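Here are my notes on the model you sent. Please read them with the structure open.

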Amino acid sequence: MWICVAIFWLGLSGSANALPSFARQTGMACAMCHTQAFGPNLTSYGRQFKLNGYTWGNNESLLSRLGGMAMGSFTNTKKDNPDLANPEDQALANRQYNANNNLAMDQASAFFGGRVFKQLGAFIQFTYDGVGSAFALDNTDIRISDQADLLGQNFVYGLSFNNNPSVQDLWNTTPAWGFPYVGSPLANGPSAGPAISSFDTKLGGATLYTMVNDILFVEAGAYTNFSRSLQKGMGYRDISKLDGGAPYWRIALQKEWQGHYVSLGHFGFRANVLPDPTVALTDRYTDLGLDFNYQYLANPKHIYEFKASYIREQQELGASYNANFDPENPSGASSFNQQLGFLGLNGSYTFDQTYSASVGFNHIYGNKDLGLYSNVPNKPNSEFFTFELDYVPFGKTASTGAASYLNLRFAAQYVAYTKLDGADKNYAGPNTSASDNNTLYFNTWLSF
């Protein structure tokens, strides 16, 4: 199970967002939109390109909108991973990974990215999970956008149809595009996280948004389940179950002056989940988030960034609490009201949009519950640091023609756990330590 959770925490959050098809459409270098020339992290121009629906540029060829991505890796953990030595997941068992020191083809994707027609644009990703041996529709954002001047104010406004709460977000501080952007799918990670992160690409939703005078951003919309047959057709194994719609909202302020960029925002998500679709009781999750973003972009030779995100989740566990909880044989939840918190901090330095060094810190905490958390402390608490070095050799010149089909990123990453699933020591029984899961991960990422 932990392997699957790790795929979310360190893998799915790093799905690609840097598309060479955007460069082919605009005729501009990847470095125009991305602070590290290649990867999800956006510059001010990149945020504006996304805000305006991926429609800027003069290249009208729809074939140029097509692209692909492949990602391979090597993973080493401090101690052998028992989930790989004796895998319960059939896909892992079939691949016969070693208990440690594994080469893997993490994922391969096909994309459509760019203008479809006039003010309609799209980012559509279809991915093969090389570890889970499964195909699925990945992050998708289809937009209709326009601009207008009213009462002396400029409005950029639009409608986004997407399949992941916050995948349409402009800032790299929300779950869909948060740091780290890549991570090992063959290493254990925290087993708890906010609900807004748990659905990833299994919902369908629409949000209305506007940016006023390039300062104030407001967005609101809602998500619901795709039909069960459609979810299966799109490759999803775990069928999400919501009761009704799940509202999502976002507000942010931003300011740029003399090469400095700052944003401060709030986002929220509420979902009523049906753990057992045969029973009418639901668990309600309300996530309230705050985020901050600072970038120094005055000198492209030296780019500095700092990002912070905090999510406070209130859980009202009407279904889990009423699941006949028995202290002698815990299941469900031992209390109705629960809280969960997530804090993410990261900073980076990029030289010449070629070499970068990043450091991140993640902290997860919550109430003790004998039924919800099966670890020894019965808590969700986890803490870990992420250290990463990246090298991007291309993408600094205009990406037209053959140049746009060779985009590489090499990453060396080390994840160090000070706490995992409730404790630093004996969290999963005697002689277990959170640091046993410390992970060295080398990644090669090709996009074309």
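**Notes on the predicted model**

1. Start with helix H3. Its buried residues are Ser44, Gly46, Arg47, Phe49, Lys50 and Leu51. That makes 6 of the 8 residues in H3 (44-51), so the helix is mostly covered. After H3 comes Gly53, with a positive phi near 80 degrees.

2. Arg47 sits over the face of Tyr261, 3.9 Å from the ring centre. Phe49 belongs to an aromatic cluster with Phe22, Tyr45, Tyr54 and Trp56. The structure as a whole holds 25 aromatic pairs.

3. Confidence comes next, since this is a predicted model. The protein chain has an average pLDDT of 87, and 88% of the residues reach at least 70. Residues 1-14 fall below 50, yet this stretch has 52 contacts in the model beyond near neighbours in sequence. Where pLDDT is low, predicted coordinates should not be read in detail.

4. Which residues touch the most other members of the largest nonpolar core? They are Phe199, Leu242, Phe269 and Ala271, in a core of 21 residues. Two or more residues each come from helix H6 (195-198) and from strands E8 (246-257), E9 (260-273), E11 (302-317) and E12 (337-351). E9 gives the most, with 4 residues. In soluble globular proteins, nonpolar side chains tend to be buried together.

5. Ala271 has neighbours of several kinds. Leaving out residues up to four places away in sequence, Ala271 touches Phe199, Leu242, Ala246, Asp283, Arg284 and Tyr285. Another core, of 19 residues, lies apart from the largest one. Among its members are Cys33, Ala37, Phe49 and Tyr54. Phe49 and Tyr54 are also in the aromatic cluster of point 2.

6. With E3 (120-129), E4 runs antiparallel, joined by 9 bridges. Ala122 has Ile142 of E4 as its bridge partner. The hairpin of E3 and E4 has 4 residues between the strands, and Ser133 in the turn has a positive phi of about 55 degrees. With E5 (153-162), E4 pairs in the antiparallel sense over 10 bridges. Here Asp146 stands opposite Tyr157 in E5.

7. The E4-E5 hairpin has 2 residues between its strands. Is Leu151 buried or exposed? Its relative accessibility is 79%, so Leu151 counts as exposed, the cut-off being over 50%.

8. Two further backbone points need checking. Asp214 also has a positive phi, about 60 degrees, without being a glycine. Asp214 lies in the loop between strands E6 (203-212) and E7 (216-225). With a relative accessible area of 40%, Asp214 is partly exposed. The peptide bond from Phe179 to Pro180 is cis, with omega near 0 degrees. Pro180 is in the loop between E5 and H6. Most residues other than glycine have a negative phi, and most peptide bonds are trans.

How values were computed: Residues are numbered from 1 along each chain as its sequence is written. Side-chain values use heavy atoms; hydrogens and water are left out. pLDDT is the predictor's confidence in each residue, from 0 to 100. Contact means heavy atoms within 4.5 Å. Rings of Phe, Tyr and Trp (its six-membered ring) pair if their centres lie within 6.5 Å; planes under 30 degrees apart count as stacked, over 60 as edge-to-face and the rest as tilted. A charge sits over a ring if NZ of Lys or CZ of Arg is within 6 Å of the ring centre and within 35 degrees of the ring normal. A nonpolar core is a set of buried Ala, Val, Leu, Ile, Met, Phe, Trp, Tyr and Cys residues joined through side-chain atoms within 4.5 Å. Buried means under 20% relative accessible area, exposed over 50%, partly exposed in between (1.4 Å probe, protein chains only). Two strands pair if DSSP finds at least two bridges between them.
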